[in-house]
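Work through the exercises below with the model open. Try each task before reading its solution.

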Amino acid sequence: MNPYKSRAYYASVMGVMLALAVALTTIESLISLFLPMSGFGVRIGLSNVVIMTAALMMNMPSAFILTVMKSLFVALTRGLTAGLLSLSGGIPAFLIMALLFKRTRSSYILISIISAIAHMTGQLIASSILLKSIFSIYYAPMLIATSILSGVCTGVILNAELKMEWRLFVHNENAEGRPNPPQ
Amino acid sequence: MDKGLLSDRPLLNRYDPMIILLLLSLALTALLLMWHYGNFGVNAEIYYNGELIKTVPLKTDSLSELGEGYPNMTYMVSEGRIRVISSDCRDKVCIRSGTIRSSYKTIVCLPNRVVIKVEQIRENNDNDNDIDVIL
């Protein structure tokens, strides 16, 4: 999709993307309650799928705006600390993701995993600064393991979703692979 | 549409499983090292804003609060383990962290800036007087 078709179009697409990201964050915090490592406060990172889609289907600045807006939303609803942590994880993850997408031909799963690890590293550094102690570093090995798990999950979802979008927007086909009627 | 970024990127490259295995083994090694060097502590330490504010013995069961001037948190010690049972923070990760008793685990409450960890016992210091083996 061309994000610059018109200002109204851009605003509405960004609004839908942000709503999706926020809704997925809520859903995944519900899912994470049932995961065995919920004690670490880990989540799958489903909203990352939305941001990666925005980066690929729209452009990098839009994806960055979405990252920041999502953190602002978290800050409004879950408090300043949660918002700061969201930002400190989201920005490194976004930068690494953008670099890998622009400069390499790495796979979706690898990009997801490395992005998840960057997210975790940023959050660990931020929490060490907030707590004025380095004890949260004890979480790192467990978090790397869960980053790999969540990276595989989001990578697979992203791959499936982009294939669908590719059919819809580029080849103008419906979900069964038949061409859509002309509008 | 920008086709450059999307163009036929694979789900998994040839060498990706090796990178994943390498990362997993790194994490597992670190976990094993922490497990090996960790100990079941005698005391739990409670930090607020990076400063040690309390040392709680784990031998005796207790239930108390952090006290005046500190965040509203209640912790409980039982059977040599410590856990947070109530906190005024929003996300309650500290409560869901459950009980800890070994020194490589921590309970962190980020909104309250509180860390609870079990004291690390340094085995190589201060035990010159101990007799290990009598032959």
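This is a predicted model: local features need pLDDT of at least 70, side-chain atom pairs count only at pLDDT 80 or more; totals for chains, interfaces and linings use all residues.

Residues are numbered from 1 along each chain as its sequence is written, chains are lettered from A and ligands numbered from 1 in the order in which they are written, and side-chain values use heavy atoms, with hydrogens and water left out.

**Exercise 1.** List the elements of chain B in order.

Solution. Take helices (H or I, at least four residues) and strands (E, at least two) as DSSP runs, numbered from the N terminus. Chain B has three helices and seven strands. From the N terminus, the order is α-α-β-β-β-β-β-α-β-β.

**Exercise 2.** Determine how β4(B) pairs with β3 and β5 of chain B.

Solution. Strands pair if DSSP finds at least two bridges between them. Start with β3 (residues 62–65) and β4 (residues 73–78) of chain B: they pair antiparallel over four bridges. Here B:Leu63 lies opposite B:Met76. Next, β4(B) pairs with β5 (residues 81–87) of chain B, antiparallel, over six bridges. B:Thr74 faces B:Ser86 across this pair. Finally, inspect the turn. β4(B) and β5(B) make a hairpin with two residues between them. B:Glu79, in that turn, has a positive phi of about 50°.

**Exercise 3.** State the buried share of chain B.

Solution. Count residues under 20% relative accessible area (1.4 Å probe, protein chains only) as buried. They make up 33% of the 135 residues in chain B.

Key:
Buried means under 20% relative accessible area, exposed over 50%, partly exposed in between (1.4 Å probe, protein chains only).
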